[in-house]
Amino acid sequence: MLKKGIILLILSLIFSSCQGLRDFAEFSGVTKIVDDIKESNMHRLARKKDGWNAISNKEYKAEVEEVIKDISKRPINKEVQFEETTFIIPEGTKINQKIGNIVDEKTGYGIYIYFSGEDSWYRMYTPAVAFEKPDKGIYYKLMYNNSTTELAQKIIKINGFKDKGMDRERGEVIKDILKRPINKKVEFEGITLIIPENTMINRDGYLADMKTGHLVNISFFLKNEYSEISKKVKDKEYSMYFDRYDTYKANIGELAKRIIMINNFIVKEKISYYIMDENKEKRDYIKATIKANEK
């Protein structure tokens, strides 16, 4: 079993060196297998002494509970870099750079408070509550559970995290972007795209507002992952995606339509999307620019 895992990891490194091989890896299912190995490894790391789920390990449970009580008494004043942003955490702690959780520096025990970027390949199904903080077009979430609720709330407050109610703010951002001219040229994976003024495309291909950091549920991909909206440039196929249901009470479909038109993306079949206006839901459509059977 270990030998098989090592072989698959080596294959993943080989596949990552070439776009064509990456495509083959995805088609053959190797990428999915490698991701499963990574997720299994994450669970293993989480239950180690310095992991966020050390409290579930019988060997560490009592000690972790005492550490949580101790950390909860400390001031929250230490700035720590994690990935592409800075968080403020309790004095005498650090962030486990491998998996994002808070660790007590004195004892080395990890506690169930951890930070995760939206772009992370790891998806954790947990009863923990997620909060978000926009930073450079990347959304970070803070996860916690019953063992750390009180401490987590303090960290949430001092870092300016917001709960899911921020969807209302995203709606206002989309409305604001709709008023802007679409005139900004950006490079993305070898192609030049034209997007709204004061926006950017983040590292995962999502459109983001540069004023607020809020993500917009419009994204771009190299290769045809989303077949309904695409275009070819120099033998490469690009796709554009927007969430037709994820409206935030704003017309995200209208914004997507404008970006499609100005960038000459091809719509293969008519696309319906929803508009929420003062709690009234209605449909609109983006017309097809090519028949499904055309090449």
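Is Tyr273 buried or exposed, and what is its relative accessible area? Tyr273 is buried, with a relative accessible area of 1%. Here buried means under 20% relative accessible area, exposed means over 50%, and partly exposed covers the values in between, with a 1.4 Å probe and protein chains only.

The model is predicted, so local features need pLDDT of at least 70 and side-chain atom pairs count only at pLDDT 80 or more, while totals for chains, interfaces and linings use all residues. Residues are numbered from 1 along each chain as its sequence is written, and side-chain values use heavy atoms, with hydrogens and water left out.

The protein chain holds seven helices and 17 strands. These elements are DSSP runs numbered from the N terminus: helices are H or I runs of at least four residues, and strands are E runs of at least two. The chain has 295 residues, and 45% of them count as buried. Its accessible surface is about 16,600 Å², with 52% belonging to carbon and sulfur atoms. Such areas come from the Shrake-Rupley method with a 1.4 Å probe, and for residues only the protein chains shown count as cover. Contacts, defined as heavy atoms within 4.5 Å, were also counted along the chain. Among those between residues at least 6 apart in sequence, 48% join residues at least 24 apart.

Helix α5 spans residues 149–159. Its buried residues are Leu151, Ala152, Ile155, Ile156 and Asn159. They lie on the same side of α5, because they cover an arc of only 140° around the axis. The arc is that of the directions from the helix axis to the C-beta atoms. An α-helix has 3.6 residues a turn, so residues three or four places apart point the same way. The face of α5 turned away from the buried side carries Glu150 and Lys157, which are exposed. Gly160 follows α5 and has a positive phi, near 75°.

Most residues other than glycine have a negative phi. Asn198 has a positive phi near 60°. This residue lies in the loop between β9 (191–196) and β10 (199–201). With 34% relative accessibility, Asn198 is partly exposed. Asn264 is not a glycine either, and its phi is positive at about 60°. The loop between α7 (252–262) and β15 (266–267) holds Asn264. At 57% relative accessibility, Asn264 is exposed.

Thr199 belongs to strand β10. Its relative accessible area is 0%, so Thr199 is buried. A polar atom of its side chain lies 2.5 Å from the backbone oxygen of Pro196. Leaving out residues up to four places away in sequence, Thr199 touches Ile177, Arg180, Lys184, Leu207, Ala208, Asp209 and Met210. Leu207 sits in strand β11 (residues 206–209). Leu207 is buried too, at 0% relative accessibility. With the sequence limit of four places applied, its contacts include Ile195, Pro196, Met200, Leu255 and Ile259. The C-alpha atoms of Leu207 and Phe220 are 8.2 Å apart, although 13 residues separate the two along the chain.

Aromatic rings were examined next. Rings of Phe, Tyr and Trp (its six-membered ring) pair if their centres lie within 6.5 Å; planes under 30 degrees apart count as stacked, over 60 as edge-to-face, and the rest as tilted. By this rule there are 11 aromatic pairs. Phe220 and Phe265 form a tilted pair, 6.3 Å centre to centre with 35° between the planes. Phe220 lies in strand β12 (residues 215–222) and Phe265 in the loop between α7 and β15, so the pair ties together parts 45 residues apart in sequence. Phe220 and Phe265 are both buried. The rings of Phe242 and Tyr273 have centres 6.1 Å apart and planes at 80°, so this pair is edge-to-face. It links distant parts of the chain, 31 residues apart: Phe242 is in strand β14 (residues 236–242) and Tyr273 in strand β16 (residues 271–277). Phe242 is buried at 1% relative accessibility. Phe87, Phe115, Tyr140 and Phe161 form one aromatic cluster.

Two lysines lie over ring faces. A charge sits over a ring if NZ of Lys or CZ of Arg is within 6 Å of the ring centre and within 35 degrees of the ring normal. Lys231 lies over the face of Phe265, 5.5 Å from the ring centre. Lys270 lies over the face of Tyr285, at 4.6 Å from the ring centre.

Definitions and conventions:
A polar contact is a pair of N or O atoms within 3.5 Å; within protein, one must be able to donate a hydrogen and the other to accept it, and residues adjacent in sequence count only if both atoms are side-chain atoms.
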